[in-house]
Amino acid sequence: MTGIETLSATPAAQAIAWALVHFLWQGALVGIAAAGALAALGKGKASVRYSVALGALVLLLACPVVTVLRMAPPAGSVIPISPVIPVSPATASAVHPAGSEEGLVTTASVPAAFSESSPIYDVLPAALPWVFGLWLAGVAGLSLYHLGGWRLTRILRRRGTRPVPADLETKLRGLARRMGVVRAVELLESSAVQVPAVIGWLKPVILVPGSALAGLSPQQLEAILAHELAHVRRHDYLVNLLQTVVETLLFYHPAVWWVSAQIRRERENCCDDLAVAVCGDPLGYARALANLEGLRVSSPRLALAADGGSLVDRVRRLVGVPARSRRPWLAGVLALSLLPAGVTFDFAQFSDPADAGSSSGAAESPAPPRKASLAPASLEKPAPPAPPRASAPGRQGTERRGTWSAERQKDGKIHLRMKMRGTWGSWEESNSHPVSAFKGLGAGPEVRFDMPRDAGTFHFEGRFEGGDGTGFFTFEGNPAYVRQMAALGYQVSDSRLMELALHDVSLDFVRQMKELDYGDVSLDRLVEFRIHGVSPEFVRGMADSGYRQLPAERLVEFRIHGVNPDFVRGMVDAGYRDLPADRLVEFRIHGVNPQFVQGFTDAGYRNLPADRLVEFRIHGVTPEFVRKAASKGYKNLSPEDLVELKIMGRLDR
């Protein structure tokens, strides 16, 4: 037996391995709770958001520690050297009579959450040595990586540094007094860094590159130094060390990395707020950060650099523009982390009741015994009643069933809600359709009608009384659609037919998009096109407006933000031709439209740069504001003066 095998078979190693497995769902729950709390805080104070994220990180570290302590074997218990296999009480008593000490298994090796009925009963115990071994390898690899970063920070502190001018030292000491930093902070010019960074805690040192000393104005350099002093004042170096430890020990869980990223982001925001409070000029500080973007370079993880986090998001926050959400993937990865807990629940209670019976005529075999469910009885959901209509002979083999409800709208359309639930998961869709989309829909009350699509047909039946209807539906896939899509280069499985039918990804739509050079996009992209209204007509309209062969994701972005041919023509008429695609989206996000431009033209501000228009919208400088300023004696102001006047709020005094 090798050393790692002997180590992984010890009681402590087994307890750690179980804790690592349980942390998959524990970490996911903590991550989801943290995401919910941060979402509820919204644009709250950065210090509050930082505290929430830091608390989540501490809780993430506490979960496996508590689990190990709870699962640690009691003193005097016997643990077999070979991989532990859980033994039920009945089996144990049959093999080893009462009073025998042979083959005893501790409660630590058989967590209650993993009963004999669990699907992982025969797999996970034998895999625990591998879990422990792989975890050790990961911790060792990350420890070496961080050790290299620590050595690099020490090298940065010693090599290529020299004292800064005396006036800059004096300015730093003054800033430190104003910010309440009582420890001595050394300031050095360094040729080894390209952005300002603070290193160390007991004896903190701020390293400033020569390019920053030469390229930043005195006010901007003072703001950047205030940011670095804020790190010292807040003891961020210690928190950064805690993050490194947690990331190293729990490296395999996405929630750990996400929470740690939130801490780093909010930490930079907190330091930005302190720096702004000292320098008193949010816009000037934002410009200083923007100037650092050209100096950006990777920094050691144990150093706190002035360009930490996303500079774009920090600048947008400082000037009052909401940062773009970067969490669309979070729900998916955290949900996947819950799978180990989910396998202990009864899978049978979520099965499709419609599949219980079979009309194939084959002899029915005895049903297998149901697995014991760990869910409380009060939480078990009753199965929905089976649809009254049986499958018709000759239909596609994988027929799906669900429920529907509908209401007639004043515009003549029918708002239809469809729900499905089965072993493959749950699904719900709600949309409005013209009456012509349905075939055979009568006045009621008993109704049977269809919604035909190229990919298949939805068959509905139920009752329609007054303006409301309810009932069941089935979906019948179209095999011919599968063959014709294959000829167009798309392999469509039976499981995707209903999705393609639901969003009406028709053969004509696919052919037209192929003719417009979008024949290599994926099925997911085609569905996304239909959801957001990226039609062949829209693509041609944008091409006629000068935007040809746009990437598929750009077309979707245009539709989401309302960039259409009419908007482009309006901006051209206002004097803004050949705008980059990013600028069009930015205009729509901030509300820069032809009417806004015309208002400034009427107020005497013609041919304003595009950046200036966006800046006006960010700060609330409108044509109405210009007229109000003129009425109070502020006439013929420059665009810069208008922004300053709005920021200072002088018209409101």
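The report below goes from the whole chain to selected helices, strands, residues and cavities.

## Basis of the values

This is a predicted model, in which local features need pLDDT of at least 70 and side-chain atom pairs count only at pLDDT 80 or more, while totals for chains, interfaces and linings use all residues. Residues are numbered from 1 along each chain as its sequence is written, and side-chain values use heavy atoms, with hydrogens and water left out.

## The chain as a whole

The chain has 26 helices and 11 strands. Helices (H or I, at least four residues) and strands (E, at least two) are DSSP runs, numbered from the N terminus. Of the 653 residues, 43% count as buried. Buried means under 20% relative accessible area, exposed over 50%, and partly exposed in between, with a 1.4 Å probe and protein chains only.

Contact means heavy atoms within 4.5 Å. Among contacts in the chain with a separation of 6 or more, 65% are between residues 24 or more positions apart.

Two strands pair if DSSP finds at least two bridges between them. Strand β9 (residues 446-453) and strand β10 (residues 456-465) pair in the antiparallel sense over eight bridges, and a hairpin of two residues joins β9 to β10. One of the bridges links E446 to R463 in β10.

β10 in turn pairs with β11 in the antiparallel sense, over 10 bridges. E465 has D468 of β11 as its bridge partner. The hairpin of β10 and β11 has two residues between the strands, and G466 there takes a positive phi near 65°. Strand β11 (residues 468-477) is also joined by eight bridges to strand β6 (residues 400-408), and β6 and β11 run antiparallel. D468 in β11 is the bridge partner of E407.

In a regular strand the side chains alternate between the two faces of the sheet. The covered face of β9 holds V447, F449, M451 and R453. The uncovered face of β9 holds E446, R448, D450 and P452.

## L172 in helix α6

L172 lies in helix α6 (residues 166-179). L172 counts as buried because its relative accessibility is 2%. Leaving aside neighbours within four places in sequence, L172 is in contact with V185, L187, I206, L225 and L229. L172 and L225 are 53 residues apart along the chain, and their C-alpha atoms are separated by 7.2 Å.

## R496 in helix α16

R496 is found in helix α16 (residues 494-502). R496 counts as buried because its relative accessible area is 19%. A polar contact is a pair of N or O atoms within 3.5 Å; within protein, one must be able to donate a hydrogen and the other to accept it, and residues adjacent in sequence count only if both atoms are side-chain atoms.

The side chain of R496 makes such a contact with the side chain of E499 (2.8 Å), and another with the side chain of D524 (2.7 Å). Beyond neighbours within four places in sequence, R496 is in contact with L523, D524 and V527.

## Helix α17

In helix α17 (residues 507-515), the buried residues are L507, F509, V510, Q512 and M513. The elements that cover these residues include α15 (479-487), α18 (523-532) and α19 (536-544). Just after α17, D517 takes a positive phi of about 70°.

## Cysteines

A disulfide is a pair of cysteine sulfur atoms within 2.5 Å. By this rule the count of disulfides is zero. C270 is in no disulfide, and the nearest cysteine sulfur, that of C271, is 6.8 Å away. C270 is buried, with a relative accessible area of 6%. C63 also counts as buried, at 17% relative accessibility.

## Cavities

On a 1 Å grid over the protein atoms alone, a cavity is a set of points where a 1.4 Å probe fits but cannot get out, and lining residues have an atom within 4 Å of a point. Grid points are joined across faces, edges and corners, and a volume is the space filled by probe spheres set on the points. A search of the whole structure finds six cavities of 30 Å³ or more.

About 50 Å³ of space lies in the largest cavity. The lining of the largest cavity has 11 residues, of which G200, W201, H231, V232 and Y237 lie nearest its centre. Helices α8 (218-233) and α9 (236-249) each supply at least two residues of that lining.

Methods. 1 Å grid on protein atoms, 1.4 Å probe; cavity = no way out; pocket = protein on both sides within 12 Å on 5 of 7 lines; lining within 4 Å.
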